Amino acid sequence: MANLKNKVVVITGASEGIGRALAREMAPLGCHLVLCARNQARLQSLVEEITALGGMASSFAMDITDKQSCTDLVTLCEVELGRLDIVIYNAGISMWSRFDQLADMDVMERLIRVNYLAPVQLTILALPALKASKGQLVVVSSLAGLTGVPERSGYCASKHAVTGFFDSLRIELAADQVSVTQIYPDFVLSEIHKRALDAQGNPLGNSPMQQDKLMTAQQCAQLMVPAILSRQRDLLTSTRGKLGKWLKILWPSMLDRIAIKAIEQRK
C-alpha cells in the first residue's frame with residue numbers, strides 16, 4: 001500500500017457525488033487534497049468539513065474543459081504545494097436518449113469534450129510533475145466504458161475513448177513509474193443522472209433511476225480507496241460488472257440482454 005502522507009492529490013468533480021465521498025474517505029490518510037469543480041460554495045463547504053476533522057484540503061473552482069484553468073491548477077500544485085502526486089479524474093456528464101431521437105449533435109460533442117478531451121488535456125499538463133513524483137493517474141470511468149448501454153451511446157463512446165487512452169498511456173508511462181488506475185463503477189446514486197442530457201441537450205432535472213437500488217457514493221468511494229493505495233490496474237465495483245467483462249468475450253449476446261434489462265429495471 002502506498003503512503004499518502006503529505007502527498008498532493010487532485011480530485012476533479014469533487015463538489016458532490018463520488019468525488020465528494022472520495023475526498024472524505026481520503027482525508028484521514030494525511031494527503032493534501034486539491035478539490036476541483038465549478039461550484040466554489042460547495043467546494044469550500046467540503047474544505048471546511050475536511051479541515052475540521054484534521055485533514056488538509058484546498059479548493060480550486062474551475063471548468064475542466066478550460067485549458068488555462070488546467071494550467072493554473074498544475075501551477076498551484078507545483079508552486080504553492082511543491083508537488084503533484086495523484087490526479088483523480090472524476091468530473092463528467094451523461095446522457096439519456098436513443099441516438100436516433102437526438103435533436104442536436106452537440107450533445108455528443110459535449111460528452112466527448114468533458115469526459116474524454118478534458119482528462120487528456122489535464123494529463124499532458126500534469127505529466128512532468130507526475131513523472132517527477134512517480135505519481136498516479138486515477139480515472140473514474142464507468143461500466144459503460146467496457147460495453148454498450150442503450151440510451152447512453154454518447155456517454156459509452158466517451159468512456160470507451162477514456163479506457164483506450166489510459167490503457168495506452170499506462171504502457172507508455174511504465175518506464176517512468178507513473179501508474180494508471182481505472183475505476184469502473186456500476187450505477188451510483190449521484191446528481192449526474194439528474195443532469196444527464198436529453199434528446200434536446202437539456203438536463204433531465206429528475207433522475208431516471210430507481211434511487212433505492214443504487215450503490216451510494218460513499219460505498220463506491222470505500223471500494224476505490226484500497227485500489228488507489230495499491231496502485232491497482234482496474235477496479236470493477238459490482239459482481240455484474242465483473243461478470244459482464246467475461247460475457248463480452250464468451251457470450252456477447254447475453255451481455256446485450258443484461259444491458260437492456262439493467263436500463264428497463266431502473267426506469
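E4, H4 and E5 form a β-α-β unit that is right-handed; with the strands pointing away from the viewer, the path from the first strand over the helix to the second runs clockwise. Helices (H or I, at least four residues) and strands (E, at least two) are DSSP runs, numbered from the N terminus. The model is predicted: local features need pLDDT of at least 70, side-chain atom pairs count only at pLDDT 80 or more, and totals for chains, interfaces and linings use all residues. Residues are numbered from 1 along each chain as its sequence is written, and side-chain values use heavy atoms, with hydrogens and water left out.

**Exercise 1.** Find the strands that pair with E4, and name a bridge partner in each case.

Solution. Two strands pair if DSSP finds at least two bridges between them.
- Step 1: E1 and E4 are parallel and share 3 bridges; Ile11 has Ile88 of E4 as its bridge partner.

**Exercise 2.** State which way the side chains of E4 point, and whether they are buried or exposed.

Solution. Buried means under 20% relative accessible area, exposed over 50%, partly exposed in between (1.4 Å probe, protein chains only).
- Step 1: Ile86 and Ile88 point one way, Val87 and Tyr89 the other way.
- Step 2: All four are buried.

**Exercise 3.** Describe the largest nonpolar core.

Solution. Such a core is a set of buried Ala, Val, Leu, Ile, Met, Phe, Trp, Tyr and Cys residues joined through side-chain atoms within 4.5 Å.
- Step 1: The core has 41 residues, and Val34, Leu73, Leu84, Val87 and Leu137 have the most contacts inside it.
- Step 2: Among the elements that give two or more residues are E1 (8–12), E4 (86–89) and E5 (136–140).
- Step 3: The most comes from H4, with 10 residues.

**Exercise 4.** Classify the aromatic pair of Tyr89 and Phe166, then that of Tyr116 and Phe165.

Solution. Rings of Phe, Tyr and Trp (its six-membered ring) pair if their centres lie within 6.5 Å; planes under 30 degrees apart count as stacked, over 60 as edge-to-face and the rest as tilted.
- Step 1: By this rule there are 3 aromatic pairs.
- Step 2: The ring centres of Tyr89 and Phe166 lie 5.7 Å apart with the planes at 40°, so this pair is tilted. Tyr89 is in E4 and Phe166 in H5, 77 residues apart.
- Step 3: Tyr116 and Phe165 are edge-to-face, at 6.2 Å and 80°.
- Step 4: Tyr89, Tyr116, Phe165 and Phe166 form one aromatic cluster.
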